[in-house]
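Please open the model in a viewer and keep the selection tool at hand.

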Amino acid sequence: MAIGDIITRVDAPTKTTGQAIYANDVNLRGQLYAAFVGATVPSGRIVSIDPAAALAIPGVVRVLTEADMPRPAPSFADLYVPPLATRHIPLQGLEIAHEGEPVAMVLAETLEAAEAGARAVDVVYDAAAFTDPALAEPVDPDPGRGDYSFLDIAEFEKGDAAAAIAAAPVRIARTYTQPSRHSNPMEPCAVIAEWSGGRVTIHDTIQHVAALQGVITGVFGLEMDQVHVRSIHCGGGFGPKGFIWPHQILVPMAARVVGRPVKLALTRAEMYALVGMQPHMVQEVELGADENGRLLGISHIASNETGVTEDYIEFSTVPSRTYYACDAIYNRQYIRRGNVTLPTYQRSPAEGPGSWALGSAMDELARELDMDPLDLRLANYADVEPSSGEPWSSKMLREAYEMGAERFGWRNRPAGGTRDGHWRLGYGMADSSQGTQRYGSSARVRLRADGTAVVESSFSDIGTGSATVMRQIAADILGLDESAVSSREGDSVLPEAGPTWASATVISTGTAVHRAATEVRGRLARLAGWPADAVGVENGALTHEGEARPIRDILAEAGVSEVSGDGTFTPNGGEFSDAGPEGFPSRVFGVIFVEVAVDPELGLLRLRRATGVYSAGRIINPRTARSQMTGGIIWGWGMAAMEQSRLDPVLGRWLSKDLAGVAIPTNADIPELDVAFVDEFDERSGPLGAKGIGELGATGVAAAVANAVYDAIGLRVRELPITPEKILAG
Amino acid sequence: MKITSPKVSRRSLLRGSAAAAAASLAHARQVSAQNAPEESAFEAWIDLRLTVNGQAHALTVEPRVTLLDALRERMQLTGTKKGCNRGECGACTVLMDGRRVNSCLVLAASAEGRKITTIEGLADGDTPHPVQRAFAEADAFQCGFCTSGQIMSAMACIEEGHTGSPEEIREWMSGNLCRCSAYPQITAAVAAAAEELG
């Protein structure tokens, strides 16, 4: 099995038979079921809580309020936000920051009793006026309110963008908005915690095992070896399982208070209240260009909603300083505070919203110039990274454009507005691109006397195929068959891996696995008496100058039962994370072409076909990679045409906290999708030549769809999602 | 089914059955709190025999327990997943007498005497069912959380004969949401399995 081979997902046998154990599938002896009582007001103060009716329900054991809960240890103050999603922990005081925030926690012998108990708790509130963040004044983020401000830059200036745009012969200035949007992984968040002798074991469903372990040590004043975190399977991440949310702290607290294991699974409605969403955004984009379409100036000013406790920033201006060659660029990020759950980074962060605004504006500019939108991209192709002027680590976007246009038939597409019955056809395209993030990671590879190997690392496979590709990397280096390599992951007792978010797993943990396996191969060579840098592997054998010796024989002759190697990936400067190799800015690139059909009389919008072609470094497993990209494109379609969460302007709560009132793509919405990768090896990204693809597919799609709608019926929609009433209003 | 409660009749939920079973109050419990409103004092227990994957299970549950929670929390059959608990996502799909149902919308009590098939009941020992194999081969899942429901739904979709075209499969598989969005692969898996099963 080699890197680049098509491998069936290694968790197929357990996931297709119901044997894969997720957090909510864990049951512990003596466990209590927990259910939250959520605040019914979006702002205000708890006056009183009467648990009597709940306690009268058979099976209800305890009703915990802020008076019952321990306070965090002093070390809590040392934690950063993130990995804490928010420092505002409910059941620690009486103030309400948003609707749905837990005000009490009912513990019961059965799930039904806990849920009934939660309904029976009588809470009196002193409600205060609330702020709808969509209507709030944009203000500068305050670096003292959480640490999100330090994750990127809130203001960027290169040249004089305002002057360049003012002097440009062709100009457009537009505002693009998008709604709050919840990720709704199919698996609701779930956690079960058990204390034993001052140590706590937590089964959770998270994108970063080490983050929860670190946060829990901080909350309870423990050492790392006193906190055991397991997240063996995660039923979809998409963002809200990335950082650590209050329920993940409250459950271990409750378990400690009652001295029994406590199990909690959020309801679907609580997924709207207790974990974050992609924020409502307003983005103003101004472009100035010469008659040939060359960009003279870009201005991109964005504001996003945030909660009242911390300033979360959705860095959507990133595309404007990284996608196109331009000498004058201005970016600014504002926030709008209100009584909502703190937003979070959701597929796809920053470039997801940013590519919607910039990709739409570029299409509007192309129309203004009477240029093909693909030619406008080519006229502004960024051969070096625009914000720094430094060379890319690798970029083959021209090849992607060419391949994509060819596969889609872009250059000979029918005229926009061509009819198919009552449908009007439209064609649109946009750039897909996402920045690289790398996180410190470690891994161990153990080669055993029977010729099998195991990869050990605490990475989380949230469905992205990490376990599959990590085994594949080790098998490639050791020359083993896929069936001979297993893995252990998602457990804090294993070597620490970085998070599964920001497309970071392969480039970070994958590099660590590569190095660990290479270390093993070197040790094997030394056992065989061959130089480590001159051996090869083939079919379970080590080779050197035409000679081959089975790995099993080498181990047997040396009398060792196992050869183990450790590998690490350390970001630049030994930091927790970086954005790619020093001096060589790193991104993944691509292009998305779509054909839509619009029924202008009924307001209907349908996706007919899509082609995405990507320049993303070396692809480890084309099968899992393809699924990543089609999944991303479908996420983009949901963003473009369906998904929105609306805050009730009177009551300050989400209008629909479910999967019925909030539309997300279903099977019937999605045609066959065409995906391809440019053959590429990014030698600067690490020994794998790979980068990350998880966030890439969902970027650009919303813009491509909006551009195709314009092509079909001449209506420019600048407010997502593109729902029937907007088409009918046009 | 045996109903054992002194109080079930108040909400008339199971009035007839309760009267019939009134002689047998083996599991009656005294509700203690004097101030408790009548609403929360409701308590009843029923003895059920459920046939799941060909095996008989005896359990004693409250009438409000859903088939989904009975499978997951009482019978340790956790392959069936709870995604929304209100019939919107399909993650809890099982077969009841061969028809697909959202087990979160079925009371366990109403499943007595029915033949229930869950994801754990498809494989023949270590040999996966052709539908399970088709999902693996088509890469028709990512996180795997909706997969049990998708596969159970696919079983019924094929049995119903709704596999005449990709469009028909997409329509008839749309009760099962997949947020990883493996829809094209799911459609391909159902088509492949339908062909194999003839």
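Predicted model: local features only at pLDDT ≥ 70, side-chain atom pairs only at ≥ 80, totals over all residues.

**Stop 1: the interface of chain A and chain B**

Begin by colouring the two chains separately. The contact involves 62 residues of chain A and 54 residues of chain B. Together the two chains bury about 4,700 Å², of which 54% lies on carbon and sulfur atoms. On the side of chain B, select B:Gln142, B:Arg179 and B:Tyr183; these residues supply 18% of the area that chain B buries against chain A, more than any other three residues.

How many salt bridges does the rule find across the interface of chain B and chain A? There are seven salt bridges across this interface. For a salt bridge between the chains, display the side chains of A:Lys263 and B:Glu73, which meet at 3.4 Å, N to O. Over all chains, the count by this rule comes to 54 salt bridges.

**Stop 2: the domains of chain B**

The domain assignment divides chain B into domain 1 (2-121) and domain 2 (130-197). The contact takes 16 residues from domain 1 of chain B and 16 residues from domain 2 of chain B. The area buried between domain 1 and domain 2 of chain B is about 1,200 Å², with 57% of it on carbon and sulfur atoms. One salt bridge is counted between these two domains of chain B. Now select B:Arg100 and B:Glu160, which form a salt bridge with the closest N and O atoms 2.8 Å apart.

**Stop 3: the domains of chain A**

Return to chain A and colour it by the domain assignment: domain 1 (23-129 + 186-236 + 241-272), domain 2 (343-435 + 581-729) and domain 3 (438-578). Keep domain 2 and domain 3 of chain A in view; their C-alpha centres lie 36 Å apart. In the contact between them, 16 residues of domain 2 of chain A face 16 residues of domain 3 of chain A. These two domains of chain A bury about 1,400 Å² between them, 59% of it on carbon and sulfur atoms. In domain 2 of chain A, select A:Ile620, A:Pro687 and A:Leu688, the residues that lose the most area to domain 3 of chain A and together make up 37% of what that side buries. The salt-bridge count between domain 2 and domain 3 of chain A is zero.

**Stop 4: helices α7 and α14 of chain A**

Next, select residues 351-369 (helix α7) and 701-713 (helix α14) of chain A; the axes of these helices come within 7 Å and cross at roughly 30 degrees. The crossing of α7(A) with α14(A) is right-handed. From α7(A), display A:Ser355, A:Trp356, A:Gly359, A:Ser360, A:Asp363 and A:Arg367, which meet A:Ala702, A:Ala703, A:Ala706, A:Asn707, A:Tyr710 and A:Asp711 in α14(A). What is the division of the residues of this contact into nonpolar, polar and charged? Five are nonpolar, four polar and three charged.

**Stop 5: backbone geometry in chain A**

Most residues other than glycine have a negative phi, and most peptide bonds are trans.

- Select A:Arg347 and A:Ser348: the peptide bond from A:Arg347 to A:Ser348 is cis, with omega near -10 degrees. A:Ser348 is placed in the loop between β15 (329-337) and α7 of chain A.
- Select A:Leu720 and A:Pro721: the peptide bond from A:Leu720 to A:Pro721 is also cis, with omega near -10 degrees. The loop between α14 and α15 (724-729) of chain A contains A:Pro721.
- Select A:Ala502: this residue is not a glycine, yet its phi is positive, about 55 degrees. A:Ala502 is located in the loop between β21 (485-488) and α11 (505-528) of chain A.

How values were computed: Residues numbered from 1 in each chain as written. Chains lettered and ligands numbered in written order. Heavy atoms only, no water. Axes fitted to C-alpha atoms, helices over the stretch in contact; angles between N-to-C directions. Helix = DSSP H or I, 4+ residues; strand = E, 2+ residues; numbered from the N terminus. Left-handed = near helix turned anticlockwise from the far one by under 90°. Contact = heavy atoms within 4.5 Å. Nonpolar A, V, L, I, M, F, W, Y, C, P; charged D, E, K, R; others polar. Domains from an automatic or database assignment. Buried area = accessible area lost by both parts, 1.4 Å probe. Salt bridge = Lys/Arg side-chain N within 4 Å of Asp/Glu carboxyl O.
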